[in-house]
Amino acid sequence: IAITHYHFGLHTWTIFALPALCFAYFIYKRKMPPRVSSIFSPLLGSKVYGPIGKTIDIIALIGTVFGVATSVGLGTLQINAGLAELFGIDVSPLIQLIIIVVVTSIASVSVALGLDRGIKILSNVNIYMAIALLIFVIAAGPTVLILKGTFESVGTYLRWLPELAFWNNTVPNSPDNATWQNTWTVFYWAWTITWSPFVGIFIARISRGRTIREFVAGVLGLPVTFSILWFGAFGTAAFNIESNGEGGLVNRVVDQGDIPGALFEFLSNYPAATFLSGLAILIVIIFFTTSVDSAAMVTDMIASGQEPRFAPTHQKLIWTALMGSVAAVLLVATGEGGLTALQQTIIVVGLPFFVMGFIQMYSLYVALKNDAGNPIPVVTRQWEPANDPEAWEKN
């Protein structure tokens, strides 16, 4: 669970918070266009409107499209596994293609309705349903054990955090462990980094009017706390099922290789398992729908340099269809090999974003320093130097 918190906790939201703060500052303080290139204006000046700035924005667009397509592909596999669990529907490329079409269609309707009437409503519904599922898992399971395990996992996470932050698997314990960090940790960080422009602009929009201190506290505090509660509760409950219950989770994931079906195997150990599985499928569908429609809105902002209310609806629909098409081609047309290729692409695309992150830090520092102007001199009381007791008494 500590390693899970490492991947989904403070590090993840720090990756999102950096570009989000930069976007918020340069879009709403400096009145720059809502583009990634605007962040580099203190260093590039008017060149952000030239080839260099356009190259930065193109890289951001490619990363966002492929990052969201990867998310849609992974979500499609989980939705297909849930439908197979509930209704016996085959896990096949045709079913996965239909799922992608349905998710993309719902996302298109949402993005056409706009932020307040479409995306915001879906996002709020999704959050309420997820919280309800979390509360049910805690209440219907071994409540005291789950709360103790969640609380203890925070201490384990904080204790392991310095070690995990420097861990690079120099001496692997086994051949399988030698590749695990590359196929998961490196991929996940790269995936998160490619999402950062999309999530950053979105966070900046909903955080307008906050101070920098309020912004950082909110972005790093609330999501990290919820992630720790979520993974601590589900993780401890899963351990209890394997140790004290009927088990089956390890067999499903390790022996059968059915990772997308692990959630539904987990929920089968709870009352009203069929209803819970249906609710989980709906949560996953809405989650990936809101990811696609939000990403479509943001990519259109980056491409056009305009706020969503000024952009034609058909432009946002084009981006929605593009993300669904990329996911469909790479997942359905080429099978799981295509998804693996997409994951490798994400690692490659994430590298320039990783480098740009450090440049963003310096660029924001320069902008803050320039906007602060000359600091007001601080008046302090001046004392004469005292080198002996007599001089000190005299002063």
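Trainee: Where does Ala272 sit?
Mentor: In this predicted model, Ala272 is in the loop between helix 11 (262-267) and helix 12 (273-304).

Trainee: And what's its phi?
Mentor: Ala272 has a positive phi of about 55°, though it isn't a glycine. Most residues other than glycine have a negative phi. Lys31 also has a positive value, with phi near 60°.

Trainee: Where's Lys31, then?
Mentor: Lys31 belongs to the loop between helix 2 (10-29) and helix 3 (41-44).

Trainee: Is Lys31 buried or exposed?
Mentor: Exposed, because its relative accessibility is 60% and the cut-off for exposed is over 50%.

Trainee: Switching topic: how many cavities of 30 Å³ or more are there?
Mentor: Two. The largest has about 40 Å³ of space, and its lining is Met32, Pro33, Arg35, Ser37, Ser38, Val48 and Tyr49. That lining splits into four nonpolar residues, two polar and one charged.

Trainee: What about the second largest cavity, what lines that?
Mentor: Val72, Gly75, Thr76, Ile79, Ile99, Val103 and Phe288. Helix 4 (51-87) and helix 5 (93-113) each give two or more of the lining residues, with helix 4 giving the largest share, four. There are five nonpolar residues, two polar and no charged, around about 30 Å³ of space.

Trainee: OK, and the surface: which residues form the nonpolar patch?
Mentor: Leu43, Leu351, Phe354, Val355, Phe358, Ile359, Met361, Tyr362 and Tyr365, with about 910 Å² of accessible area together. Helix 14 (residues 336-372) supplies the largest share, eight residues.

Terms used: Residues numbered from 1 in each chain as written. Predicted model: local features only at pLDDT ≥ 70, side-chain atom pairs only at ≥ 80, totals over all residues. Heavy atoms only, no water. Patch = residues over 30% accessible without salt bridge, like charges linked within 9 Å, V, L, I, M, F, W, Y side chains within 5 Å. Areas by Shrake-Rupley, 256 points an atom, 1.4 Å probe, with all protein chains shown as cover. Salt bridge = Lys/Arg side-chain N within 4 Å of Asp/Glu carboxyl O. Buried < 20%, exposed > 50% of the residue type's maximum accessible area, 1.4 Å probe, protein only. 1 Å grid on protein atoms, 1.4 Å probe; cavity = no way out; pocket = protein on both sides within 12 Å on 5 of 7 lines; lining within 4 Å. Points joined across faces, edges and corners; volume = space filled by probe spheres on them. Nonpolar A, V, L, I, M, F, W, Y, C, P; charged D, E, K, R; others polar.
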